[in-house]
Amino acid sequence: MGDAKGRHQVVALVQPPQAEFELASAAEVFGLDRPGLPSRYGFTVCTERPGIVPTKTGCALSVNEGLEAMAEADTVLVPAWAPKDSPASPAVLAAVRAAHDRGARMVAICTGAFLLAEAGLLDGRRATTHWRYAAEFASRYPAVEVDADALYVDLGDIATSAGTAAGIDLCLHLVRSDHGAALASRIARHMVMPPHREGGQRQYAVEPVEEPSESLGAVLEWASEHLHEPLTVEDLAAQGRMSARTLARRFDEQLGTSPGKWLLSQRISAAQALLEDTDLPIESIAGRVGLSSALNLRRRFRDRLGTTPAAYRRAFGREAVRAG
């Protein structure tokens, strides 16, 4: 599969009135050739009736490709589905099912999950959508296990995300899965995006019941620069001039995770980048990311990614990139 250049072909399926942000987010990640970065994806937009496709803000898209474009897709992406309250046409449902049946990865952003559920692809499986529509989604598709809090859910063959910015998180996550953390991080830097967010983080912050919480930005930046040190939750709390209990509460409010889990996630991400971009021994990488030993790094890698650092390097390291 892939296009003539051997790139992974992403085909976005749009429908009037199309939500521009979700489509633009996917195009920004998969559809741009950036100076200094390898071009790993081809990006095409299709629709049931090619021509002018109105958008939610009154602009218009000119889409030349019809549903047949999905037959060449490695990934079919539904960047929101505006007519979620109306049944999809038999032609759209047939094309979606056919793409999945032949092995294309199916990806839905925000209300795009409604189309995948209507096609029956999510029955008995876990999915998410924008929190605003989660109750409606669960009511209409009781066979789907709805995770209303998750930023995104990746099942391998199917991935769904919450709305707006969570769609970018999912797209960058897919790049990480396909081509490693280094490329995803470089794309994120070009987009002026914050560090990688795990899919299990909460979609939105819980409203504080006491005084407004101060941003954790400075603490997160400091911790990211000191990953090589044996940081503890207490160290982060001291840097933020607060108690460990207050720090934990603010992490939960603002990030939907705990300080310890966030710190481990950053260390694993840093290790991935070093495995991809350097030839450093595993022991040295473990020390640089604050995981103390190669044994600890291997255990954490296996728990988080289901693989070993050596296998990850073979898949995404310098030699793999040159061979590809």
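Trainee: Which residue takes a positive phi in the hairpin of S3 and S4?

Mentor: Keep in mind that this is a predicted model. In that hairpin, Gly58 has a positive phi near 95°, and 5 residues lie between the two strands.

Trainee: And in what sense do strands S3 and S4 pair?

Mentor: A general idea to start with: side chains in a regular strand alternate between the two faces of the sheet. Here, S3 (residues 51-54) and S4 (residues 60-63) run antiparallel, paired over 4 bridges. Take Ile52: its bridge partner in S4 is Ser62.

Trainee: On to helices. Which residues of H13 are buried?

Mentor: The general rule is that an α-helix has 3.6 residues a turn, so residues three or four places apart point the same way. In H13, which spans residues 309-316, Pro309, Tyr312 and Phe316 are buried. These three sit on the same side of H13 because they cover an arc of only 60° around the axis.

Trainee: How many cavities of 30 Å³ or more does the structure hold?

Mentor: There is 1 cavity of that kind, and the largest cavity has about 120 Å³ of space.

Trainee: Which elements give two or more residues to its lining?

Mentor: Those are helix H1 (20-30) and helix H6 (181-190). Among the lining residues are Val29, Phe30, Leu183 and Ile187, and the lining also includes Asp33, Arg34 and Arg40.

Trainee: What does the lining of the largest cavity look like by class?

Mentor: Sort it and you get 8 nonpolar, 1 polar and 3 charged residues. Ser39 and Tyr41 are also part of that lining.

Definitions and conventions
Residues numbered from 1 in each chain as written. Predicted model: local features only at pLDDT ≥ 70, side-chain atom pairs only at ≥ 80, totals over all residues. Heavy atoms only, no water. 1 Å grid on protein atoms, 1.4 Å probe; cavity = no way out; pocket = protein on both sides within 12 Å on 5 of 7 lines; lining within 4 Å. Points joined across faces, edges and corners; volume = space filled by probe spheres on them. Nonpolar A, V, L, I, M, F, W, Y, C, P; charged D, E, K, R; others polar. Buried < 20%, exposed > 50% of the residue type's maximum accessible area, 1.4 Å probe, protein only. Arc of directions from axis to C-beta. Pairing = 2+ DSSP bridges.
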